[in-house]
Amino acid sequence: MKKATCATVVCAFLILVCLRSSICGAESSDWAVRTLAGSGLSGFDDGPAGRAAFVMPMGLALEKDGSIVVADAGAQRVRRIKDGKVATIAGGGGLEPNGLWVIGGYHDGAGADARFNQPGGVAVRADGAIFVADYGNHCIREIANGLVTTFAGAPGRPGNADGPLASATFSFPRALAFGSDADG
């Protein structure tokens, strides 16, 4: 594990501007900034929030129970902050020798067998399924019941074609969100 600063790693720790008392323990009208998770070291260590490591957290989404889903683009992982602990939900791969990146890939599968290529945005559907904007693979991925599948788009085939989920194409999707009418 290499030591890094925010200047060399796009903030390897997660700082959150808190607006909800369920996250910060403050009144909803109070603003507070605090480190929610991350040691400041570059990596993908899971465990107690203050000792966990991130490579390049890009997207956040709040789950119904108050847990936070994090797309760690540099680690090629989707992670969860819950009850003061960080755990990897899906994704894997080894850290490059410089300690700043994990090589991306593409593979649908369970947990650590799944591969992402710069997961950016995340959103949680009402039924708890997690959706990931997989930037480098040009597709939208779904994580449900521990299994990562390609929801829409064609890995390795950028474009802007509308149509059925399997034939629609995206070019470097970065973010996504569900509207209040999204069913699950």
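I count two residues as in contact when they have heavy atoms within 4.5 Å. This is a predicted model, so I note that local features need pLDDT of at least 70, side-chain atom pairs count only at pLDDT 80 or more, and totals for chains, interfaces and linings use all residues. Residues are numbered from 1 along each chain as its sequence is written, and side-chain values use heavy atoms, with hydrogens and water left out.

**Entry 1: overview**

I began with the secondary structure, taking helices (H or I, at least four residues) and strands (E, at least two) as DSSP runs numbered from the N terminus. The protein chain has 1 helix and 12 strands. Along the sequence they follow the pattern β-α-β-β-β-β-β-β-β-β-β-β-β.

Next I checked burial, with buried meaning under 20% relative accessible area, exposed over 50%, and partly exposed in between (1.4 Å probe, protein chains only). Of the 184 residues in the protein chain, 44% are buried. I also looked at contacts with a separation of 6 or more: residues 24 or more positions apart account for 44% of them.

I followed strand β5 (residues 68-72) next. How many of its residues are buried? I found 5 of 5. Ile-68, Val-70 and Asp-72 are buried on one side, and Val-69 and Ala-71 are buried on the other. I reminded myself that side chains in a regular strand alternate between the two faces of the sheet.

For pairing, I used the rule that two strands pair if DSSP finds at least two bridges between them. β4 and β5 are antiparallel over 5 bridges, and Pro-57 has Asp-72 as its bridge partner. These two strands make a hairpin with 5 residues between them, where Gly-66 in the turn has a positive phi of about 95 degrees.

On to β6 (residues 77-82): β5 pairs with β6 in the antiparallel sense, again over 5 bridges. I saw Val-70 opposite Arg-79 and Ala-71 opposite Val-78. The hairpin of β5 and β6 has 4 residues between the strands, and Gln-76 in the turn has a positive phi of about 60 degrees.

β6 is also joined to β7 by 6 bridges, and the two run antiparallel. Here Arg-79 stands opposite Thr-88.

**Entry 2: two residues with positive phi**

Asp-83 lies in the loop between β6 and β7, in a hairpin with 2 residues between the strands, and its phi is near 50 degrees. His-138 sits in the loop between β10 and β11, with phi near 60 degrees.

Which of the two is buried and which is exposed? Asp-83 is exposed, at a relative accessible area of 71%. His-138 counts as buried, at 6% relative accessibility.

**Entry 3: the open sheet**

I traced an open sheet of 5 strands in the order β8-β12-β11-β10-β9, with antiparallel pairing. Its edge strands are β8 (109-110) and β9, each pairing on one side only. Within the sheet, β11 (residues 139-144) and β12 (residues 147-153) are joined by 6 bridges, and Arg-141 has Thr-150 as its bridge partner.

**Entry 4: nonpolar cores**

I took a nonpolar core as a set of buried Ala, Val, Leu, Ile, Met, Phe, Trp, Tyr and Cys residues joined through side-chain atoms within 4.5 Å. The largest has 14 residues, and those with the most contacts inside it include Val-69, Ile-89, Phe-116 and Ile-143. β5, β7 (85-91), β9 and β10 (130-134) each give two or more residues to this core.

What does Ile-89 touch, not counting residues up to four places away in sequence? I listed Val-69, Val-78, Arg-79, Arg-80, Gly-111, Ile-130 and Ile-143.

A second, separate core has 9 residues, among them Leu-36, Ala-37, Ile-68 and Val-70. Ile-68 and Val-70 are on one side of β5, and Val-69 is on the other.
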